[in-house]
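Please open the model in your viewer and keep the selection panel at hand. The tour goes through the aromatic rings, then the charges over rings, and ends at a ligand.

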Amino acid sequence: MSEPAGHRCRICTGTPVPVHSFGMQPIANAFRPAAVSAADTYRFELAVSVCPQCGTVQLIDQPDREQMFHGEYAFFTGTSRAMTEHFARFAAWVRDEHLRGDDPLVVEIGSNDGTLLANFQQWNIRHVGVEPSANVARAAQARGIPTEVRFFDADAARAIVATHGQASAFIAANVMCHIPYLHSVVEGIDLLLGEDGIVAFEDPYAGDVLAKGSYDQFYDEHVFLFSLHSVAAVFARHGFELVDVQPQMTHGGSMRYVLARTGKRTPTAAVREYLDREVAQRITDPARWKEFGRRCEASKQALVSLLRDLKAAGKTVAGYAATSKSTTILNYCGIGPDLIAFISDTTPIKHGTVTPGTGIPVVPRAAFGPPYPDYAVLFGWNHETEIRAKEQEFVAGGGRWIRFFPDVEIVS
Ligand code: DWN
Ligand code: SAH
Ligand code: ZN
């Protein structure tokens with residue numbers, strides 16, 4: 001793979017090394033009706049690089065933000081009950097451990113439909129969301145959650161300070177890794193946060209992706225795949241340090257990063273422990289990620305040959321959960337409606353659409369069964385516990401799940 005001229009690390013001044021390409025890919029969340037989808041040919045090369053200087057894993061190219069986040073954004077946080085419960089625990093931890101003073105303000109970016117902030121609303125704790133995708137932002141506003149419909153950056157931070165004053169806590173989940181202009185975001189955090197304030201955010205963790213081979217965390221929106229090394233590097237430039245890290249089971253393995261102004265809090269032992277683990281795992285080493293790329297190729301071969309075998313044997317195969325992640329799998333592996341008849345999903349806005357770039361119909365849960373297909377590819381593998389609990393009848397009737405991480409396998 002040749003390196004495009006001028007690809008600079010978005011965090012430091014290094015020149016990232018290309019490590020793997022997933023080929024030409026559409027916008028991951030562009031679930032559109034079949035006719036529109038067929039006419040919509042936008043694609044970009046989904047290729048990953050690793051900065052030899054700061055160790056950050058990142059996309060070489062990312063589409064413009066307005067192509068991904070707009071008034072028809074397809075992902076609603078509230079579609080997972082387990083995530084809603086997870087965010088209630090996240091909120092309670094922020095309240096109990098980090099909110100000080102009389103009338104603290106909590107700011108969340110990427111607040112989506114307001115699932116996390118709803119907890120602060122319930123406790124009468126001042127809160128503001130920042131969410132550029134107008135349709136999901138409206139869902140939050142409709143439940144009374146103050147939401148600024150814009151992209152967060154330093155300018156947005158100035159506007160929030162002018163209206164609401166400084167914040168005690170800046171929180172985020174699954175959005176920091178979406179933002180290429182991260183220095184403007186951290187500059188904004190610096191303006192927004194009081195002297196004693198806390199930053200706490202979660203994102204899919206590079207350590208888990210590397211260990212499991214879960215390459216579907218790479219798609220247009222995820223411009224970064226963070227490790228402690230990269231988070232520490234970007235925040236250090238703005239006078240913040242990691243004071244704690246807490247691994248999470250969500251999204252197939254995430255990390256919660258807790259930061260404060262340098263010197264304000266004593267870092268926990270976990271920070272040192274995970275930094276050391278990352279060194280042992282060679283998480284910042286481009287050569288290690290090239291090995292990962294070879295594993296992706298093997299995984300692709302295994303999944304495609306399994307699906308072809310099942311088709312040859314006359315079995316019916318469906319997909320379960322039309323996730324953003326599935327777009328990477330389907331396009332990389334070249335899987336279309338010939339191998340997977342349909343994908344069942346609970347999100348109303350996705351119904352009547354097809355998967356981006358591969359044209360598999362997305363249908364409501366009722367179409368999954370009964371009668372059930374023989375096999376179901378678990379594209380929502382990060383929600384496996386929640387989904388299995390709901391779909392016991394499928395398995396009881398002889399249905400089998402197909403999992404693809406850490407290995408492609410059929411499970412009951
Ligand atoms: O980072 C991101 C995360 C938070 O959410 C975003 N960039 C986009 C999105 O990623 P995703 O689409 O891969 O997220 P999920 O949570 O893995 O996908 C949920 C999808 O699965 C929704 O479309 C709903 C569907 N689903 C379902 O059909 N039945 C989910 C559950 C739990 C179910 O039981
Ligand atoms: N926090 C939610 C939603 C994650 S999806 C959860 O964990 O479920 C990512 C969200 O970030 C989308 O709703 C998207 O519109 C929003 N987003 C993208 N860029 C942003 C930016 N610069 N500032 C604030 N939100 C952003
Ligand atoms: Zn770098």
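Predicted model: local features only at pLDDT ≥ 70, side-chain atom pairs only at ≥ 80, totals over all residues.

Residues are numbered from 1 along each chain as its sequence is written, chains are lettered from A and ligands numbered from 1 in the order in which they are written, and side-chain values use heavy atoms, with hydrogens and water left out.

Next, select Phe 22 and Tyr 332, whose rings form an edge-to-face pair, 5.0 Å centre to centre with 75° between the planes; planes under 30 degrees apart count as stacked, over 60 as edge-to-face and the rest as tilted. The pair links distant parts of the chain, 310 residues apart, with Phe 22 in strand β1 (residues 17–25) and Tyr 332 in helix α12 (residues 324–333); helices (H or I, at least four residues) and strands (E, at least two) are DSSP runs, numbered from the N terminus. Phe 22 is buried at a relative accessible area of 3%, and Tyr 332 is buried at 6%, where buried means under 20% (1.4 Å probe, protein chains only).

Move on to Phe 379 and Phe 404, a tilted pair at 5.8 Å centre to centre and 45° between the planes. Phe 379 lies in the loop between β15 (375–378) and α13 (384–390) and Phe 404 in the loop between β16 (400–403) and β17 (409–411), so this pair ties together parts that are 25 residues apart in sequence. Both Phe 379 and Phe 404 are buried.

Now turn to Arg 65, which lies over the face of Phe 151 at 4.0 Å from the ring centre, and then to Arg 277, over the face of Tyr 274 at 4.4 Å; the rule asks for NZ of Lys or CZ of Arg within 6 Å of the ring centre and within 35 degrees of the ring normal.

Finally, select ligand 2 and the 21 residues that surround it, each with a heavy atom within 4 Å. A polar side-chain atom of Thr 77 lies 2.7 Å from an oxygen atom of ligand 2, and a polar backbone atom of Gly 110 lies 2.8 Å from a nitrogen atom of the ligand.

How values were computed: Polar contact = N/O pair within 3.5 Å; in protein donor to acceptor, adjacent residues only side chain to side chain. Phe/Tyr/Trp six-rings, centres within 6.5 Å; stacked < 30°, edge-to-face > 60°. Buried < 20%, exposed > 50% of the residue type's maximum accessible area, 1.4 Å probe, protein only.
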